[in-house]
Amino acid sequence: MYALEDLLTDASTSEFAIVTIATELAIAESERLVKALGEEHIAVRNVVVNQVLRPASSDVEGQSTYIDRLRDAQGPCVSELRAIAKAGSGSGTRKADLEVTQVPWLDVEARSVYGLRALGQCLVQ
């Protein structure tokens, strides 16, 4: 058991990547997780925000659709997560170590090698 603890707390061999969505509850849980992992001295360097809607290319004046409201709600959540990342997790994670990556909402589920490649491209851009 101690070997596993040593492995998890050695930042040169392992790190934890948090994957979340841009909702208030998910961001609050991610913040709690970052702090808890920091207290256990487990490295957290990456947070991936999944299913982020892209800005609308053409909005019709006065019409607010469900997707528009969802997109508008995601903005403050992503901003809050970036503020959490900038502040760091306290003990165990330096402030500059936490990077937030946004993955756009894909119009189809990422399946098979090709879907996973497309998803991978979103992560490294």
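## Nonpolar core

The largest nonpolar core holds 17 residues, and those with the most contacts inside it are V47, V49, L81, L98 and V100. A nonpolar core here is a set of buried Ala, Val, Leu, Ile, Met, Phe, Trp, Tyr and Cys residues joined through side-chain atoms within 4.5 Å. Buried means under 20% relative accessible area (1.4 Å probe, protein chains only). The largest share, five residues, comes from α3. Helices (H or I, at least four residues) and strands (E, at least two) are DSSP runs, numbered from the N terminus.

This is a predicted model: local features need pLDDT of at least 70, side-chain atom pairs count only at pLDDT 80 or more, and totals for chains, interfaces and linings use all residues. Residues are numbered from 1 along each chain as its sequence is written, and side-chain values use heavy atoms, without hydrogens and water.

## Contacts of V47

Neighbours within four places in sequence are set aside here. V47 then touches I18, T20, L81, L98, E99, V100 and T101. Contact means heavy atoms within 4.5 Å.

Three strands form an open, parallel sheet in the order β1-β2-β3. Strands pair if DSSP finds at least two bridges between them. β1 (16–21) and β3 (99–104) are the edge strands; each has a single partner, so one side of each lacks a neighbour in the sheet. Neighbouring strands are turned by 20 degrees against each other on average, direction ignored.

Six bridges join β1 to β2. T20 stands opposite V49 in β2. Helix α4 (residues 112–124) lies across β2 and β3, at about 140 degrees to β3. Axes are lines fitted to C-alpha atoms, for helices over the stretch in contact; angles run from 0 to 180 degrees between N-to-C directions.

Conventions. Buried means under 20% relative accessible area, exposed over 50%, partly exposed in between (1.4 Å probe, protein chains only).
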